[in-house]
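Reader: Please walk me through this fold. Start with the terms, then take my questions one at a time.

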Amino acid sequence: MKLKDLLPFLAENQNEFKVHCAIGGQGRDAQLPLNEFFSGKFSDYQNHQTQKNFGRKYILSLCYLNKDEWLFVGIYESLGVVGTVKETDRELYKYNTRLTDIGAEFIGKLVVGFKKDFRQSYPNLETCLDNLEVLELKREVIKA
């Protein structure tokens, strides 16, 4: 089953979405975004970006699980950049985002199949929507 069949809102509004493929990198733990989700801090993690990555109305947020498997962690509304934050060696854009109710029943339960064979972590949804598949829907939220 395709993700757009489970969540038709995605297909209906695909040109208004960025996809956030949250995966650690550049010397950071690949599971960092997933750990932030488990600790209830994913929104804070996502709201700090090195570039202006969320230039569309919505964000489909996925956390890396393992090869070609991602955990659905919500659909957010991007309310824009509200400033910058100085981190140790760089400056980050601080976004204001709001978790929507769209697909809320699947947060932390839905495993999405997506072969991300490119470097970009923030594709426009219309470029990859047909490649997002429902692999598994758990009864309970996945635990750390």
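Author: Two strands pair if DSSP finds at least two bridges between them. Strands (E, at least two residues) and helices (H or I, at least four) are DSSP runs, numbered from the N terminus. This is a predicted model: local features need pLDDT of at least 70, side-chain atom pairs count only at pLDDT 80 or more, and totals for chains, interfaces and linings use all residues. Residues are numbered from 1 along each chain as its sequence is written, and side-chain values use heavy atoms, leaving out hydrogens and water.

Reader: Which residue in S5 does Gln49 stand opposite?

Author: S2 pairs with S5 (residues 90-99) in the antiparallel sense, over 2 bridges. The S5 residue opposite Gln49 is Tyr93.

Reader: How many bridges join S1 to S3?

Author: The two strands run parallel. Cys21 stands opposite Leu62 in S3. The bridges joining S1 to S3 number 6.

Reader: How many residues of S1 are buried?

Author: Buried means under 20% relative accessible area, exposed over 50%, partly exposed in between (1.4 Å probe, protein chains only). In a regular strand the side chains alternate between the two faces of the sheet. Here Phe17, Val19 and Cys21 point one way, Lys18, His20 and Ala22 the other, and all are buried. The buried count for S1 is 6 of 6.

Reader: Why does the pair of Phe17 and Tyr58 have that geometry, and what is it called?

Author: Rings of Phe, Tyr and Trp (its six-membered ring) pair if their centres lie within 6.5 Å; planes under 30 degrees apart count as stacked, over 60 as edge-to-face and the rest as tilted. The structure holds 9 such aromatic pairs. Phe17 and Tyr58 have ring centres 5.1 Å apart and planes at 25°, so the pair is stacked.

Reader: How many residues apart are Phe17 and Tyr58?

Author: Both are buried. Ring pairs also link them with Phe9 into a cluster. Phe17 lies in S1 (residues 17-22) and Tyr58 in S3 (residues 58-66), a separation of 41 residues.

Reader: What is the angle between the ring planes of Phe54 and Tyr122?

Author: Phe54 sits in the loop between S2 and S3, Tyr122 in the loop between S6 and S7, so the pair ties together parts 68 residues apart in sequence. Phe54 is buried at 3% relative accessibility, and Tyr122 is buried at 17%. The pair is edge-to-face, with centres 5.6 Å apart and an angle between planes of 75°.

Reader: How many disulfides does the search find?

Author: A disulfide is a pair of cysteine sulfur atoms within 2.5 Å. The closest cysteine sulfur to that of Cys21 is in Cys128, 6.5 Å away and too far for a bond. For Cys63 the nearest is the sulfur of Cys21, at 10 Å. Over the whole structure the number of disulfides is 0.

Reader: How many residues has the largest nonpolar core?

Author: A nonpolar core is a set of buried Ala, Val, Leu, Ile, Met, Phe, Trp, Tyr and Cys residues joined through side-chain atoms within 4.5 Å. Leu3, Leu10, Leu60, Phe72 and Leu132 have the most contacts inside the largest one. S1, H3, H4, S3, S4 and S6 each supply at least two of its residues.
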